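Here are my notes on the model you sent. They run as numbered points, to be read beside the coordinates.

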Amino acid sequence: MTKIDEDFMHDVLNIVDLIPLGRVVTYGQIARMIGRPRNARLVGKALGKPGYGKHLYHRVVTATGRLVPGWVDQGPMLATEGIPFKDANHVDIRRCQWPGI
């Protein structure tokens, strides 16, 4: 497994901070945007690390639009931003996915 270094973490967080209100991105999108297309899981692991301040983590979902299991605040936070849902655990990714940079 690839180690999460500070440069990787900052690259991920720089993308997360660009996600506009009312939009979501996937872990895979972030990985592609930072030039690491095979590291979607590592992006998820990086976003789960504590201690990196306040970022818009709640706007990151899986490729199917699934929310983070066990994170009870993510859905309400996205709903407040007007994100459409398919069901209680999935956003309607086709309607709210940010195409990125």
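How many salt bridges does the structure hold? The count is two, where a salt bridge is a side-chain nitrogen of Lys or Arg within 4 Å of a carboxyl oxygen of Asp or Glu.

1. **Basis.** This is a predicted model, in which local features need pLDDT of at least 70 and side-chain atom pairs count only at pLDDT 80 or more, while totals for chains, interfaces and linings use all residues. Residues are numbered from 1 along each chain as its sequence is written, and side-chain values use heavy atoms, with hydrogens and water left out.

2. **Overall fold.** The protein has five helices and four strands. Their order along the sequence is α-β-α-α-β-α-β-β-α. The radius of gyration is 13 Å, close to the 13 Å that the globule rule gives for 101 residues, so the protein is as compact as a globular protein of that length. Helices (H or I, at least four residues) and strands (E, at least two) are DSSP runs, numbered from the N terminus. The radius is taken over C-alpha atoms, and the globule rule is 2.2 Å times the number of residues to the power 0.38. Along the principal axes, the C-alpha atoms fill a box of roughly 35 × 25 × 20 Å.

3. **Burial and surface.** Of the 101 residues, 44% are buried. Buried means under 20% relative accessible area, exposed over 50%, and partly exposed in between (1.4 Å probe, protein chains only). The exposed surface comes to about 6000 Å², with carbon and sulfur atoms supplying 53% of it. Areas come from the Shrake-Rupley method with a 1.4 Å probe; for residues, only the protein chains shown count as cover. Contact order deserves a look too. Among contacts between residues at least 6 apart in sequence, 62% join residues at least 24 apart. Contact means heavy atoms within 4.5 Å.

4. Helix α1 spans residues 6–16, and its buried residues are F8, M9, V12, L13, I15 and V16. They cover an arc of only 160° around the axis, which puts them on the same side of α1. The arc is that of the directions from the helix axis to the C-beta atoms. These residues pack against α2 (27–33), α3 (40–47) and β2 (60–61). In α3, the buried residues are L42, V43, A46 and L47. Seen down the axis of α3, they fall within an arc of 140°, so they line one face of the helix. Their cover includes α1, α2 and β2. At the start of α1, a side-chain oxygen of D5 comes within 3.3 Å of the backbone nitrogen of D7.

5. **R59 and E81.** R59 forms a salt bridge with E81, and the closest N and O atoms are 2.9 Å apart. R59 lies in the loop between α3 and β2 and E81 in the loop between α4 (74–80) and β3 (85–87), so the pair ties together parts that are 22 residues apart in sequence. Are the two partners buried or exposed? R59 counts as buried, at 7% relative accessibility. E81 counts as buried too, at 18%. Leaving out residues up to four places away in sequence, R59 touches I19, P20, L21, R23, V24, V25, L78 and E81.

6. **G65.** This glycine sits in the loop between β2 and α4. G65 is buried, with a relative accessible area of 0%. Which residues does G65 contact, leaving aside neighbours within four places in sequence? They are N89, H90, V91 and I93.

7. **D92 and R95.** D92 forms a salt bridge with R95, with 3.8 Å between the closest N and O atoms. D92 counts as buried at 12% relative accessibility, whereas R95 counts as exposed at 59%. R95 belongs to helix α5 (residues 93–96). Beyond four places in sequence, R95 touches R23 and P84. R95 and R23 are 72 residues apart along the chain, and their C-alpha atoms are separated by 8.7 Å.

Notes:
Polar contact = N/O pair within 3.5 Å; in protein donor to acceptor, adjacent residues only side chain to side chain.
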